Amino acid sequence: MAILVTGAAGFIGSTLSEALLARGDEVVGVDNFNDYYDPARKRANVEPLLKTAGFSLAEGDFRDTAFLDHLFETHDIKRIAHLGAMGSVRYSVKNPAIYVDVNMVGTANLLERAHGVGVENFVFASTSSVYGQTDKIPFVETDSTDRPLAMYPASKKAGEVMGHAYHNMQGMNFTALRFFNVYGPKGRPDMMPWIVLESLLHDREITLFDNGEMRRDWTYVSDIVAGVVAAIDKPLGYEVINIGRGQPILMTEFLDLMEELTGRKPRIKAVPAPASEPKATFALVDKARSLLDYDPQTTVREGLSRFVDWYTREVGR
Ligand SMILES: NC(=O)c1ccc[n+]([C@@H]2O[C@H](COP(=O)([O-])OP(=O)(O)OC[C@H]3O[C@@H](n4cnc5c(N)ncnc54)[C@H](O)[C@@H]3O)[C@@H](O)[C@H]2O)c1
């Protein structure tokens, strides 16, 4: 009886797989090792998993229905954490078609096969970006999400609502978790923490939107993973749940912390924020607390310090 983790070679998927294996679960990891960022990073993420009992890797693409049919025929998949995706707001502005293919068609492919074998629970990685541009903070799951700013959140919203269709028509247990600004060891090279750290270490200019007046609800990866594990373990019918920290900070504060941790002064290039960027992300996590006993532990200072340590050790200066 296995848990399927898609995107298992990615940042959050590999951290989740590690946590599931550590408690003795059998994990089937799917990833296509695409080159959106350096696939060598993804190979490094799965390397320790491949040495752990209970893990098997199915290298392939969930847009490929023959690959998926074979996967579901050859493994006894009972639960799914669907984390595989194209995951950047900004990249989706210039490359919308691949978001339709991977995040919408790929998710539909998985839902249909999940229904075919009668999985107990389907957990889907959604995003805080579905809330769009709003002055209403914190973000609550009942807020409107019908005005996405770009194709990335539009495609994630599509995943949430397709899940509802499978819940309604087929009785599938489906939980969409809206992750907020995830960071930590194995983090993505295209995301702010990585870009800021590299820029500081190499004395490169840092592009800062709206003079750093944007707020982001940075959430440490192990807190996110704790939320995903709890959701995998608890079929809830149909739910949409925020998984954030609930304590956003200004980008200027984020930069101050990074300066303190590295001892390097940032060189800032201030530019106006593009239309795809919300002014704030800010999770209300009461629903996660009550349904999943979710309780984020890691302060941004502590989490960034662990990220800097990991980067220095594993990636280099
Ligand atoms: N990192 C964040 O801050 C954040 C915030 C909100 C939501 N999310 C969501 O969480 C999930 C994981 O994000 P991440 O930060 O770990 O990203 P990531 O890019 O590191 O991981 C995604 C993985 O999916 C794989 N993948 C992509 N398309 C695939 C396909 N067609 N078939 C098989 N594998 C495929 C990629 O190779 C990659 O390893 C994504 O769904 C993302 O949208 C992330």
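H9 and H11 are oblique to each other (angles under 35 degrees count as roughly parallel, over 145 as roughly antiparallel, 65 to 115 as roughly perpendicular, and the rest as oblique). Before you click any further: this is a predicted model, where local features need pLDDT of at least 70 and side-chain atom pairs count only at pLDDT 80 or more, while totals for chains, interfaces and linings use all residues. Residue numbers start from 1 along each chain as its sequence is written.

**Stop 1: H9 and H11.** Select residues 251-262 for H9 and 300-314 for H11; their axes lie 10 Å apart and the packing angle is about 50°. Helices (H or I, at least four residues) and strands (E, at least two) are DSSP runs, numbered from the N terminus. Axes are lines fitted to C-alpha atoms, for helices over the stretch in contact, and angles run from 0 to 180 degrees between N-to-C directions. The crossing is right-handed, that is, the near helix is turned clockwise from the far one by less than a right angle. Show side chains for Leu257, Met258, Leu261 and Thr262 on H9, and for Val300, Arg301, Leu304, Ser305 and Val308 on H11, which make the contact (C-beta atoms, placed from the backbone, within 7 Å). They split into 6 nonpolar, 2 polar and 1 charged; Ala, Val, Leu, Ile, Met, Phe, Trp, Tyr, Cys and Pro count as nonpolar, Asp, Glu, Lys and Arg as charged, and the others, Gly among them, as polar.

**Stop 2: the sheet.** Now switch to the strands: 7 of them form an open, parallel sheet in the order S3-S2-S1-S4-S5-S6-S11. Two strands pair if DSSP finds at least two bridges between them. S3 (55-59) and S11 (238-243) are the edges, each with a single partner strand, so one side of each has no neighbour in the sheet. On average, neighbouring strands are turned by 20° against each other, direction ignored. For a close-up, take S1 (residues 2-6) and S4 (residues 77-82), paired in the parallel sense over 5 bridges; Val5 has Ala81 as its bridge partner in S4.

**Stop 3: H8 and H1.** H8 lies across S1, S4, S5, S6 (174-179) and S11, and runs at about 170° to S6. Highlight Ile12, Thr15, Leu16, Ala19 and Leu20 of H1 against Val221, Ile224, Val225, Val228 and Val229 of H8. That contact has 9 nonpolar residues, 1 polar and no charged.

**Stop 4: the ligand.** Which element gives the most to the shell around the ligand? H1 does, with 3 residues. Altogether 28 residues surround the ligand, the closest being Gly7, Gly10, Phe11, Ala85 and Val182 (a residue is near a molecule if its C-beta atom, placed from the backbone, lies within 6 Å of it). The shell divides into 12 nonpolar, 11 polar and 5 charged.

Stop 5: Most residues other than glycine have a negative phi, and most peptide bonds are trans. Zoom to Ile137 and Pro138, joined by a cis peptide bond with omega about -5°; Pro138 sits in the loop between S5 and H6 (151-170). Then jump to Asn211, with a positive phi near 50°, in the loop between S8 (205-209) and S9 (215-216).

Conventions: Contact = placed C-beta atoms within 7 Å.
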